[in-house]
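Please consult the sequence and structure shown below while reading.

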Amino acid sequence: MKVEKLWGSRLKEKPDEEFIKFISGRDIRGVSPCDEMLIPYDIWGSRAHAIMLWKQGIISHEDARNLIKGLQEIENLYKQNKFPLDPGKEDVHTNIETFLIEKYGLKIGGKLHTARSRNDQVVLDMFLFLREKNLELFKRILVLEDTILKLAKNHIKTIIPGYTHHQHAMVTTFGHLIFSYGESFYRDLLRLKHWHSLFNVNPLGGAAGYGTSFPIDRELTSVLLGFDKPSLSSLDPITNRGEAETELAYAISISMNHLSGLAQTLILFTTTEFGFVSLSDKYCGGSSIMPQKRNPSGLEVIKAKTATVQGLLTSLLSLSRGVFTGYNRDSQWSKYLIMDIVYECTETPPIMASILDTLTINQKRAKELCQKGFITATDLMEALVNEFHLPLRQGKMLIEKAVKYSESEKTELVSWNGLKKAMKEMNLSLNISPDTIKRIQEPDQAVERRKAIGGPASEVLLVAIGELASQIKDLKKWLKEKTDQIQSAKNKLEEIEKGLFSSH
């Protein structure tokens, strides 16, 4: 018998392969060197820089052709996994420049670095990398939002208990609960959008931080790299290297907090004690020894990744404090921290979306729990206060006493006898029948009476779902605009390069 895992035979569905990678982390897979991930961005930046140098007459037509041809060769080698970085050449920038010098000689290859420094070069590479990862994460959270809105709509009347302090609070619906996370993730999307507005600026041309005497065109490189504009200060992006990383790390950390909170909620709901949520076997783990186990491993991993990100964010914040003006070597470590964050978190929204999309709700069990713990006591209190115009504080005291007396009857809903004793103690006489007391505490009716904006009543929640869906639609439009802007920049660069090779 071939054994592929120490668990799995108990599960009805084969675990999803992406899920297995997600929960195994770095146990048997390594992570690429940081500068290896920067190769395509360094090539893109160098192509744009070479074109600009040619257009400005800083290098000749022939030199530009050779440099672009060499950079295209490096790009092709990279795509075939045939451009390994030589550690002896320190970093990606030196590896690429050395390749060109070895191919064309110093007189040609040595001209690529004209009017730039590794300072503005690495900031450029990181801005391009971070922008892509930001938009990628944005897109994945949008998918999660679509899943949440669909789930909220499907469960708009699925009654479940609501909790505060891990104790029964008030009845709600699963649609109402899951929709609340939709609003949380919407704010996460706004943070990522704001990041783009802050950092989609071109640092190239700042050189070592203090500008250059060469007649460069920073507007042109901004267009060719998909930036909104060049930075107004040549020094700011160099001095504050790490700020873009920290800002993105913060946005990711908050989003991971939301994912972690949702994960913990689902973990509890899947336990035997709660038992009204079941996860698909595709997103469960097993045990090496206990044959019955279906573990919410993916949800637990989300919590671990959240803790990891928070630690890395703290490191980024510490790294950027007390920075002296200009480039400082310690800022180099911001690259490692943010890349670890991106590595840990990028797959989390799609995994959560898949978990949500495939879970099932045991509505019978959920309704059973909505008959326990005096969970509709608040609804009864509000009904009596509203009907008999009682001061709320008096109504609360009345129901508190009624709960106390009802408990002695071994019931978990406020009883007629319990309420009657409470009224007698407080010298109140309310004209209300036992049937009315029972009806008010029906979970379905209790939920539907909460019609204020933000409440769980189905008609109110349906409107809220529609409003959030409209806002998400606007964000999808924004994402397309930014993606098109970047693609247009790449097309423009290729068009200029074609002209470079066709002209003499």
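The sections below take up the cavities and then the lysine.

## Cavities in the model

The model is predicted. A search of the whole structure identifies 3 cavities of 30 Å³ or more.

## The largest cavity

The largest cavity holds about 90 Å³ of space. Its lining comprises 14 residues, and those nearest the centre are Arg241, Leu319, Ser320, Val323 and Ser331. Two or more lining residues come from each of helix H9 (236-239) and helix H11 (297-319).

Classified by side chain, the lining of the largest cavity contains 5 nonpolar, 7 polar and 2 charged residues.

## The second largest cavity

For the second largest cavity, the volume is about 50 Å³. The residues that line the second largest cavity are Lys133, Asn134, Leu137, Leu248, Ile252, Ile341, Val342, Cys345 and Thr346. Helix H6 (118-154), helix H10 (243-270) and helix H12 (333-345) each give two or more residues to this lining.

The lining of the second largest cavity divides into 6 nonpolar residues, 2 polar residues and 1 charged residue.

## Surroundings of Lys401

Lys401 belongs to helix H16, which spans residues 392-407. Leaving aside residues up to four places away in sequence, Lys401 touches Ala422, Glu425 and Met426.

A further spatial relation involves Leu419: Lys401 and Leu419 are separated by 18 residues in sequence, and their C-alpha atoms are 7.6 Å apart in space.

How values were computed
Residues numbered from 1 in each chain as written. Predicted model: local features only at pLDDT ≥ 70, side-chain atom pairs only at ≥ 80, totals over all residues. Heavy atoms only, no water. Helix = DSSP H or I, 4+ residues; strand = E, 2+ residues; numbered from the N terminus. Contact = heavy atoms within 4.5 Å. 1 Å grid on protein atoms, 1.4 Å probe; cavity = no way out; pocket = protein on both sides within 12 Å on 5 of 7 lines; lining within 4 Å. Points joined across faces, edges and corners; volume = space filled by probe spheres on them. Nonpolar A, V, L, I, M, F, W, Y, C, P; charged D, E, K, R; others polar.
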